[in-house]
Structures are given as C-alpha cells and as structure tokens.
Amino acid sequence: MSRFLPLAAATPLLLAAAVAVVPAVVVRRVVAAAAIATCGGIGVAAVGSTGDGGVLATQLGGFPPPFAIAMAADTFAGLMLVVFALVTGLCLAFAGLRGHDGSPRAHAGALALLGAAAGATLTADLFNLFVWIEVLLLSSYVLITIGGTARRVRAGTIYVATNLLGSSVFLAGVALVYATAGSVNLGVLRGAAAGSGGVAIGATLVVVALAVKSALVPVHAWLPRSYPDAPTWVTALFSGTLTKVGIVALFRVVTVVFDGAAGVREAILIVAGVTMVVGVLGAVGQTSMRAILSFHMVSQVGYLVMALGIGTIAGLGAGVFFLVQYIAVKTALFLVAGAVESQEGSDDLEELGGLVHKRPALAAVFLISAFALAGVPPLSGFVAKVALVRAAFDGAAYGIGATAVAVSFLTLLSMVKIWNAAFWGSMPEEPIPGEPRAGLLVPAGVLAAVPIVLGLFAESLWVVADRAARSLADVVVYASAVAP
Amino acid sequence: MAARALTPAVVVLALFFLWRGHDAPGGGFIAGLVFGAGIVLRWLAFGPDGIGPLLPAPPSRVLALGLVIAIGVGMVPVAVGEPFLSGAIWELSVLGTELKVASSLVFDVGVTFVVVGMVGAFVRGMGSIR
C-alpha cells in the first residue's frame, strides 16, 4: 500500500497536464473525475489501513532514509486527502453547472491544486513541503486570474506578492534548519527544536510562513482582499483546500518539530484568540456575501489553531473534527453565494432580498450551513465547538475557551445579517437579470448534508478524528516510520 | 547579433547542465532556467516572433509534456513494485567510451520541459500586456 501513496499527488498532476491539452470539455471533466477519485481513494485506503495507529511510509526513489524524501500517511493525512478530493470534485461540479469550466485552465489548475495539496499533506520532508506549497501557489495563481478582469488581476497581485514573501520566509527557515540539524526529514527533526536554538528559530520561521498561508492574524489581510474577487467556485475551492493545507502543515510541524512544547502552544493560543476576534469583527463592515464569508474564514482559522494550541488528544481530536466539518460547511456557503450571484446577478446584500420566497431550497441550504458555521445544535458545528471548548477548559485554557464561545455568537450575528438582507425582507424593486441554471444548488446541497449527518451521527467521524489526533500526537511512531 | 551568436551557446550550456546534474551541481531545473534565459534573450532582441527557434510549440504544451514525462517515469517503478521515482543506471559503450546513464535523466528532461514551458508562458503572458 505505502508505495502507492505518492500517486495521490502524482496522478492529479499527471492528469492536470493531460487536461491542459484536451480540447473537449466533456473529456476534461471525465479525466478530472478520475484523478480526484484516485486521490480520494488512496485517502480512504490510508485511513482504512492505519486503524491500528500505524503509519504508512515510503522513501522516494528507493534511497535510504533519512536521505530520501519520505512520504507518509497516518489517519490524519488520509482523512485530509479524502476531504480535499471531495471538495475539489464538488467545486469543479459547480463550475461545470455554472458553465465556468470552459477554459482548460480550470480543470488543469484545480487538479494541480489537488495534487499539490495531497503532496503537502503526505510529505515528511520540510524542503519537499516547501516545493509542494509552491506548486499549490502556482496553480492558485492560474485559478485566481481566470477570466482576467482588471479586478481579478489586482486581487491576484496582492495574493502573489504576499505569498511570495511568505515563501521566502519559509525557505529561509528550511535553510536554517538544514544548516543546524543537517537534515530536513521530519523524523530526524522530531523534538529537535528543544535541543537546538538554530532549529527552533528555523522552525519558527517555517511556522510564521505557514501562518501567512493560513491567514492567521496579524498576517491575514491578504485573504479578504483577494478571495472575494476570484471566480466563485475558485473562492470555494481555495477556502476548502488552499488555506487548509497551511493548517495541516502547521499541525504536523508544530506537533513533530516542537513536540508540542508549552511555550509554542501558549503563543499559538494567543494568536488563535486574536484571529477569531479580528476576523469576526472584520466581517461586520462588509456588504457582500463573499466578503463577509472571507472574513469569517479568518475567524474560523482561529478555532483550528486553537486545537493545536490546546495540544491534548481531546483538543487535537476536536480540531480534526472541526476541520473536516468546517471545510464542508464553508465550501457550501461559498457555493451558495456563487449560486446567488449567478441567479440574481449579484451577491451584494444591498441588491438582494426576499430570496426565501423566490428560492426556498437555496435559502434552506444557506440556513443549514450558516447555523453549522455559527455552531447551532444539533449541527456538526455545535458538536465541534462543544468539544473544542471542553478541551480548552480541561486544559485550563479558560481565556481561549471563553473567546471561542463569544465569537460564536458574533458569527451567528453575521449570518443573521446575510439572512436578513438577502433571504428575508422584500425583493429588490429592480432586480439585476441573472442567469439561472439547473442543478446549480446540488454541490452545495451535498455539502450542506454533511453538518446534519455529522451532527446527528457525530460518533462515526468522532472515532476517526480521535484516531487522527492520536496519530498526530504519537510523534514517536510517525518519526520511526519516516526515518527508521 | 550577440543574441543570435549566443543562442547555440545557451542551448549547449543547458544540455551540459542537464547531463552533469546527476552527480554534480546542475540538473533539469537549472538546465530549464538556462534555456529559459535564452528564450528571454531572444524575446528582448527580436520580439515575440524571435523565440520560435527555441520554443516552436505553445508553452502550455511544453509544460504539459514535461509533467507527463517527469511523473510518468516516476510511476513506472510503482507498477513493478518499487518505490515512486526509483531509478536504474545503465552502463553504455558509445564509440568506445563508457557512459553511465541514469533513468533519472529522463525525469530531469521532463523537469527541463516544465521549466522551459513555464518561462515561455511567463514571457508570453507578461510580454503581451500593453
């Protein structure tokens, strides 16, 4: 099994090259589906075969460890592959239904993004992680500027400049780690930050760079300035994969290289709290659905790293549970915004109103996802937040626990604002002509089923999330699999 | 004139880096960058039509071909039960000289194509903004 792991990254990349030159859009869609299924299938297989707490690992090129680039999958990595594949498939489906996948760049970009996300999730080598993140960014540059309007190019410029800066910091950090520890293999680097100042500084630079990519405050400002201007399905795809790869890498680097050191976790908790608050307050002043949702993305990233800051098995488990359901919920919300924008001609709250009468199904999907985001019972967001807050209190992190609860209410307020302006009230007197398309709501509908199912049957994901948390925390098993 | 004279030198230099990259500094990425520098040079000297001799195909095709070569050669060993990207080394006797050829050279050729395609796409994309 383990030698097939690299195919989760290689297949989407290979087929991205193929779809770039295929003229028929139908063929491109089929090829894309095959690539996504391969990646997701490998994820399922990895989750299935790491149930005993084991770690699958392979050394690329058959070179001896720790000199080869190692790729490894524990339950956490396998689960993320499945989620990334699912989100990519549904976002491409939305693009197809909307008629926005006419350019070969759409499929090629999305597949390359998925391949790079898989590579970054699986790799156990810091420099290789840098390379995957660069591939990820390269494909996202292509996607964010599809259509090439002036606004999009401007959004792309902010995005590219910020991320190139982040990448430089990342590379400097990797260089410092290599210069002091003599290796970039995560297995060799297990707990190395405690023993060497050079490794600690280098790894901190890597963490800072990953914070930029994940849009943590105070290095978050690029995200709400660039995401709302990309094509809707691209914003949804980015929200579900791109920024979350930063989080996945952050989880891995902090648990392995810092071995969950208390000082680092405390710093992360402070950043998490500030991120939650700044993101949720930033959303207040926004007037379009996508801009509000983009600020909430910043806010919710705070919850994710909060789990890392708590650092206990219960905390990490809650974080994994939160991450999986949140990706589904947030992608659903962006796809709803996309459907509204497509059918009503705008997603600006001042141009909308009364959608609950006109499009009840759309309103229902929005309501479920919005409540799940805010954490209203019995949806999965509630289960995730209760678990997170409980883990925080159990770990004596009272400040962050209270912040998490308070920010939930503010999140609900923002969702109510969208609801009141777009779905409630009276219809606009001079509606902008939209272009309704059949089935546009299906991808969002599928995703909106996730918080219901995971809310009512939380146990099923909880078992996997708990295993994922244990695999994250058990760095000795991970390290000995990666660098035997 | 200088650009015309330098073109073959750039190509030879790129091939040299590609060849020695297995055991010495160089490799597919560097070769692609050197080749790409040749493309940029010709663009600056002769304009958009001047890059034809170095880049006769659309850049996206070159990039795609490179990806297929690089990843394809990595997948072959997986099919026969070896780790991804495992390589073989062949000793050949060419014109009385012993040559060591590694299968990773194919991978490097793919990487070169990717980088050349990328540089070509950059030059075309940015060069066409008025």
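The points below go topic by topic, from the interface to the interior of chain A.

This is a predicted model. Chain A and chain B bury about 1300 Å² between them. Over all chains, the count comes to 17 aromatic pairs. The count of salt bridges over all chains is seven.

**Interface of chain A and chain B**

- Chain A puts 16 residues into the contact, and chain B puts in 17 residues.
- Of the area buried between the two chains, 79% is on carbon and sulfur atoms.
- On the side of chain A, the residues that lose the most area to chain B are A:Arg3, A:Leu14 and A:Val21. Together they account for 37% of what that side buries.
- How many salt bridges cross the interface of chain A and chain B? The rule finds zero.
- Two residue pairs are in polar contact across this interface, both at pLDDT 80 or more.
- Two elements of chain A give two or more residues each to the side that touches chain B: α1 (7-21) and β1 (56-59).
- α1(A) gives the most to that side, with seven residues.
- By class, the side of chain A that touches chain B has ten nonpolar residues, five polar and one charged.

**Aromatic pairs**

- A:Phe130 and A:Phe170 make a tilted pair, with 5.8 Å from centre to centre and 45° between the planes.
- A:Phe130 sits in helix α5 (residues 126-144) of chain A and A:Phe170 in helix α6 (residues 150-181) of chain A, so this pair ties together parts that are 40 residues apart in sequence.
- A:Tyr303 and A:Phe322 make a stacked pair, with 5.3 Å from centre to centre and 10° between the planes.
- A:Tyr303 is in helix α12 (residues 289-310) of chain A and A:Phe322 is in helix α13 (residues 313-344) of chain A, so the pair ties together parts that are 19 residues apart in sequence.
- A:Tyr303 counts as buried because its relative accessibility is 1%, under the 20% limit. A:Phe322 is buried too, at 1%.
- Ring pairs also link a cluster made of A:Tyr141, A:Tyr159, A:Trp222, A:Tyr227 and A:Phe238.

**Salt bridges**

- Side chains of opposite charge can pair when their charged atoms come close.
- A:Arg29 forms a salt bridge with A:Asp101, and the closest N and O atoms are 2.8 Å apart.
- That pair links distant parts of the chain, 72 residues apart. A:Arg29 is in helix α2 (residues 25-49) of chain A, and A:Asp101 is in the loop between α3 (75-98) and α4 (104-122) of chain A.
- A:Arg290 and A:Glu341 meet in a salt bridge at 2.8 Å, N to O.
- A:Arg290 is in helix α12 of chain A and A:Glu341 in helix α13 of chain A, 51 residues apart.
- A:Arg290 counts as buried at 6% relative accessibility, and A:Glu341 counts as buried at 18%.
- A:Lys358 and A:Glu344 meet in a salt bridge at 2.7 Å, N to O.
- A:Lys358 lies in helix α14 (residues 355-358) of chain A and A:Glu344 in helix α13 of chain A, 14 residues apart.
- A:Lys358 is partly exposed at 39% relative accessibility, whereas A:Glu344 is buried at 8%.
- Shared partners join A:Arg98, A:Arg290 and A:Glu341 into one network of salt bridges.

- A:Tyr326 is in helix α13 of chain A and is buried, at 1% relative accessibility.
- Beyond four places in sequence, A:Tyr326 touches A:Lys244, A:His296, A:Met297, A:Gln300, A:Leu304 and A:Leu373.
- A:Ser239 is in helix α10 (residues 232-257) of chain A and is buried, with a relative accessible area of 1%.
- Leaving aside neighbours within four places in sequence, the contacts of A:Ser239 are A:Tyr227, A:Lys244, A:Met297, A:Lys330, A:Thr331 and A:Phe334.

Methods. Residues are numbered from 1 along each chain as its sequence is written. Chains are lettered from A and ligands numbered from 1 in the order in which they are written. This is a predicted model: local features need pLDDT of at least 70, side-chain atom pairs count only at pLDDT 80 or more; totals for chains, interfaces and linings use all residues. Side-chain values use heavy atoms; hydrogens and water are left out. Contact means heavy atoms within 4.5 Å. Buried area is the accessible area (1.4 Å probe) that two parts lose on being put together, summed over both. A salt bridge is a side-chain nitrogen of Lys or Arg within 4 Å of a carboxyl oxygen of Asp or Glu. A polar contact is a pair of N or O atoms within 3.5 Å; within protein, one must be able to donate a hydrogen and the other to accept it, and residues adjacent in sequence count only if both atoms are side-chain atoms. Helices (H or I, at least four residues) and strands (E, at least two) are DSSP runs, numbered from the N terminus. Ala, Val, Leu, Ile, Met, Phe, Trp, Tyr, Cys and Pro count as nonpolar, Asp, Glu, Lys and Arg as charged, and the others, Gly among them, as polar. Rings of Phe, Tyr and Trp (its six-membered ring) pair if their centres lie within 6.5 Å; planes under 30 degrees apart count as stacked, over 60 as edge-to-face and the rest as tilted. Buried means under 20% relative accessible area, exposed over 50%, partly exposed in between (1.4 Å probe, protein chains only).
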